[in-house]
Amino acid sequence: MASQRPLGQLLGIQMTFIAVIPLLMVALLLWQLALPRIHEGISVRHQVLAGSISGRITTLLAGAEHELESLGTYIETRGVQSQEYWCNLLDSHVGEGEIFEVVYLSDEGERVEAVGLPVSQNYKREDMLGLDLSLRPFFRRVKTGYASTWSETFLSTISGRLAIALLIPVEDRVLIGEITIEHLSEFISFKFGGSALLIMIVDGDGRAIADSQNVYSCQSLDTS
């Protein structure tokens with residue numbers, strides 16, 4: 001004869017289902033209502049973080065621009081000086097390459113008149129002097145626009161690494177400072193390296209030019 005469950009046990013199971021199923025339905029409904037808010041909260045936090053990072057990078061680049069503009073103003077007041085004088089002056093602003101990897105001063109003929117380098121790169125100076133800058137697209141823009149200009153990313157002549165350039169018109173000449181993208185990667189890695197998020201800086205062509213883990217640089221990404 002088949003065994004039968006006690007009546008009390010059957011009633012207990014029924015009561016459990018009666019009590020649990022409504023709770024599960026309520027929990028599911030609350031989750032469906034709460035999930036969009038959770039996503040919205042995460043999105044807002046990401047936007048705030050992105051705004052903070054972009055603000056700090058803007059401050060960094062604005063500081064570099066202010067320094068180069070001040071240097072350009074100083075050069076305008078000095079008149080004619082020797083090439084050695086200009087090179088020593090530019091060297092002092094490059095320092096150890098903390099911000100600028102190299103700073104050029106073009107002559108009226110659009111060739112490198114003087115170049116500032118880190119001490120470790122001084123042996124490259126003779127190769128850079130006299131370099132023709134006229135064929136570089138970003139150089140043409142500043143010559144026709146007569147305003148400070150940031151370039152697109154390009155391969156640095158000095159290091160062969162991805163860089164951006166800041167160009168400052170100085171009367172008939174141009175002052176050019178190159179900043180390597182590695183500096184931007186190091187900056188966001190140092191400031192936000194402890195974050196669980198992957199932080200990337202992407203250019204207008206959808207190419208990752210810097211990231212907090214320094215693994216995606218120069219890769220093309222679908223940013224849609």
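Hi everyone, here is a short walk through one protein model, from its overall layout down to a few residues.

A word on the ground rules: this is a predicted model, where local features need pLDDT of at least 70, side-chain atom pairs count only at pLDDT 80 or more, and totals for chains, interfaces and linings use all residues. Residues are numbered from 1 along each chain as its sequence is written, and side-chain values use heavy atoms, with hydrogens and water left out.

Let's begin with the layout. The protein has five helices and eight strands. Here helices (H or I, at least four residues) and strands (E, at least two) are DSSP runs, numbered from the N terminus. Reading from that end, the order is α-α-β-β-α-α-β-β-β-β-α-β-β.

How much of the protein is buried? Of its 224 residues, 36% are. Buried means under 20% relative accessible area, exposed means over 50%, and partly exposed is in between, with a 1.4 Å probe and protein chains only. The protein exposes about 13500 Å², and carbon and sulfur atoms supply 59% of that. Those areas come from the Shrake-Rupley method with a 1.4 Å probe; for residues, only the protein chains shown count as cover. As for contacts (heavy atoms within 4.5 Å), among those with a separation of 6 or more, 47% are between residues 24 or more positions apart.

Now to the charged pairs. Side chains of opposite charge can pair when their charged atoms come close. The structure holds two salt bridges, each being a side-chain nitrogen of Lys or Arg within 4 Å of a carboxyl oxygen of Asp or Glu. One joins aspartate 91 and arginine 125, with the closest N and O atoms 2.7 Å apart. Aspartate 91 is in helix 2 and arginine 125 in helix 3, so this pair ties together parts 34 residues apart in sequence. Aspartate 91 is buried at 16% relative accessibility, and arginine 125 is buried with 13%.

The other bridge links glutamate 113 to arginine 173, with 3.3 Å between the closest N and O atoms. Glutamate 113 sits in strand 2 and arginine 173 in strand 6, so the pair ties together parts that are 60 residues apart in sequence. Both residues, glutamate 113 and arginine 173, are buried.

So what about lysine 124? You'll find lysine 124 in the loop between strand 2 (112-116) and helix 3 (125-128). Lysine 124 is buried yet has no salt bridge, and the nearest side chain of opposite charge, glutamate 101, is 7.0 Å away. For that search, Lys and Arg count as positive and Asp and Glu as negative, while His and the chain ends are not counted. Leaving out residues up to four places away in sequence, lysine 124 touches Leu117 and Ile158.

Next, the rings. Rings of Phe, Tyr and Trp (its six-membered ring) pair if their centres lie within 6.5 Å; planes under 30 degrees apart count as stacked, over 60 as edge-to-face and the rest as tilted. By this rule there is one aromatic pair. Tyrosine 85 is partly exposed at 26% relative accessible area, while tryptophan 86 is buried at 1%.

Last stop: the backbone. Most residues other than glycine have a negative phi. Glutamate 171 is not a glycine, yet has a positive phi of about 55°. Glutamate 171 lies in the loop between strand 5 (162-170) and strand 6 (173-180), and is exposed, with a relative accessible area of 55%.
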